[in-house]
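This report describes selected features of one structure. The sequence and model are shown below.

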Amino acid sequence: MIDYPKIDGRYTWLVTGAGGFIGSHLTETLLSLGQKVIGLDNFSTGYRHNIDMAVKKSGHSENFAFTEGNINNSETCLSVMNGVDYVLHHAAFVSVPASMNEPAKCFDDNAMGFVNILEAARLNGVKRVVYATSSAVYGDDETMPKVEGSIGKSLSPYALTKYINELSAEFYTRVYGLECTGLRYFNVFGVRQDPNGAYAAVIPRWIDAVTSGKVPVIYGDGEQSRDFCAVQNVVKANIMAAFCEKSAGKVFNIGCGVETSLNELLTKIYSVFAPGREVKADYQSPREGDIIHSSASIEYAEKVLGYEPAVYLEQGLEAMKC
């Protein structure tokens, strides 16, 4: 059981993308900590059952309100922001491959939708906007581990929109005084992550394949690497970022600082979910827009936020057996 930061006082939080994997975990934890939560989602990739499960597990349904709506609608953003103290922004166009095919929709959802959130927060006097950005912003930069100040050229519309969001947030903090903090997530995983959707992440997709007797697909040779970060760490980082005075206008890597190849990951998944079975993989051509290697330097987040990971890959995988 992870110890989340104590929240002194009772606040109203807006969680955008509340029906999503990360958004539902944020909702559950905040409600469990005695906070009031407003959820916003249009269910383009999120699910009502994620919200229902989060609210039920928290035991505080009386403190939750929900609005079905799209961040592309500025009036919706203004309305739902009324009376909000803190915003945790996680609504997004979330797929790198899909963004290569639908760049305009990706820009509309991620870049313009985020500006709607920032403007609504500014007009409603919100204390702080904590927003999800991505390790994808590092693009073709070959620095390892990834350090916040070293950004390469974007490899996908998704990556570019996330970087634009960082620039927009810094501008709103510097010019308008709206406090914004960005969290560059590395490969987040955990319970409630959809293995079947078009934007399914690798861990739930491979767990589903292994447990159903199928052969997991690896795009490339499997030697590409990632920093896999349990969702519990992300929730912890969001709460820390909301109250850290020194984090306004800044961006932080949120990962575990551990590099794992996809081949190593698959071996670990077999050991947890199919012990004793032979490790098999279906190697296919690499996908356009994917980063080859990615691991986080978390020194800056440790120094400013006081962040440190509480759940690592093996622990996180074991938790997903439940």
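Helices (H or I, at least four residues) and strands (E, at least two) are DSSP runs, numbered from the N terminus. The model is predicted, so local features need pLDDT of at least 70 and side-chain atom pairs count only at pLDDT 80 or more, while totals for chains, interfaces and linings use all residues. Residues are numbered from 1 along each chain as its sequence is written, and side-chain values use heavy atoms, with hydrogens and water left out.

## Phe 186

The loop between β6 (180–185) and β7 (187–189) holds Phe 186. Phe 186 counts as buried because its relative accessibility is 4%; buried means under 20% relative accessible area (1.4 Å probe, protein chains only).

Leaving aside neighbours within four places in sequence, Phe 186 is in contact (heavy atoms within 4.5 Å) with residues including Tyr 138, Lys 146, Asp 227 and Ile 254. The C-alpha atoms of Phe 186 and Gly 257 are separated by 9.5 Å, although these residues stand 71 residues apart along the chain.

## Nonpolar cores

A nonpolar core is a set of buried Ala, Val, Leu, Ile, Met, Phe, Trp, Tyr and Cys residues joined through side-chain atoms within 4.5 Å. The largest has 43 residues, and those touching the most other members are Ile 22, Leu 30, Leu 183, Tyr 185, Ile 254, Leu 305 and Tyr 307. Helix α8 (residues 231–243) gives the most to this core, with eight residues. Apart from this core lies another of 23 residues, with Leu 40, Val 80, Val 84 and Val 251 among them.

Beyond its neighbours within four places in sequence, Ile 22 is in contact with His 90, Tyr 185, Val 188, Val 231 and Val 234.

Terms used. Buried means under 20% relative accessible area, exposed over 50%, partly exposed in between (1.4 Å probe, protein chains only).
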